[in-house]
Amino acid sequence: MSASGYAVEQAGAEELADLTRMRLAWSADRGLHATDDAAVEAFGERMRRWWDQQSGHRRAWVARTPGGEAVGMANAAVFERMPKPGIPPSRWAYGANVWVDPGHRRRGVGGLLMQALVEWARAERMVRVVLAPSEISRPLYSAFGFREAADSLLRLEL
């Protein structure tokens, strides 16, 4: 997939360094900073453990410039319902961590990432994709057909 010269690819272990760098940048956008090289290295190790634990239950995508620089990411966690007699199996995806480098925003990169995620979910026969949008991202998700859920979910903060 590409638009305006950007391309999106499904991420594998070889993209972990790019995902780690972008996660650090995303965290910095929210006021969370790794304080020194040791903290960055420790965070990289945490990302590696997380990636290894999530294999098989999560997919990730990276957006790249024509020169190959990683400037955006998205991922989706896969959930599978416990089987019920007489009901076909169903899986759904939780879209998360959609982020684009500030210097590349408003150029269609977020749309490319979401297009990749939604196309993947359809190809995998997911029954739905859900997400928790930020206020600024709602127009992007609405353009893909996402709407407010009315299924009375409850949440307990622990």
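This is a predicted model: local features need pLDDT of at least 70, side-chain atom pairs count only at pLDDT 80 or more; totals for chains, interfaces and linings use all residues.
**Helix 1 against helix 2**

I began with the pair formed by helix 1 (residues 16-29) and helix 2 (residues 37-54). Two packed helices are described by the angle between their axes and the distance between the axes, so I looked up both. The angle comes out at about 120°, and the axes lie 10 Å apart. Angles of 65 to 115 degrees would count as roughly perpendicular and those over 145 as roughly antiparallel, so I put this pair down as oblique. The crossing is right-handed.

Next I wanted to know which residues make the contact. From helix 1 I have Leu16, Leu19, Thr20, Arg23 and Leu24; facing them in helix 2 are Val40, Phe43, Gly44, Met47, Arg48 and Trp51. Sorted by class, that contact holds seven nonpolar, two polar and two charged residues.

**Asp29**

I stayed in helix 1 for Asp29. Leaving out residues up to four places away in sequence, I found Asp29 touching Trp99, Pro102 and Arg105. I also checked Asp29 against Ala93, 64 residues away along the chain, and their C-alpha atoms are 25 Å apart.

**Helix 3**

Last came helix 3, residues 109-123, with 15 residues. I get 21 Å from first C-alpha to last, close to the 21 Å expected at 1.5 Å a residue. Its buried residues include Leu112, Leu113, Ala116, Leu117 and Trp120; I also listed Val109, Gly110, Met114, Val118 and Ala121 as buried. Just past the end of helix 3, I noted Arg125 with a positive phi of about 60°.

Note on methods
Residues are numbered from 1 along each chain as its sequence is written. Side-chain values use heavy atoms; hydrogens and water are left out. Helices (H or I, at least four residues) and strands (E, at least two) are DSSP runs, numbered from the N terminus. The expected span of a helix is 1.5 Å times one less than its number of residues. Buried means under 20% relative accessible area, exposed over 50%, partly exposed in between (1.4 Å probe, protein chains only). Axes are lines fitted to C-alpha atoms, for helices over the stretch in contact, and angles run from 0 to 180 degrees between N-to-C directions. Angles under 35 degrees count as roughly parallel, over 145 as roughly antiparallel, 65 to 115 as roughly perpendicular and the rest as oblique. A crossing is left-handed if the near helix is turned anticlockwise from the far one by less than a right angle, and right-handed if clockwise. Contact means heavy atoms within 4.5 Å. Ala, Val, Leu, Ile, Met, Phe, Trp, Tyr, Cys and Pro count as nonpolar, Asp, Glu, Lys and Arg as charged, and the others, Gly among them, as polar.
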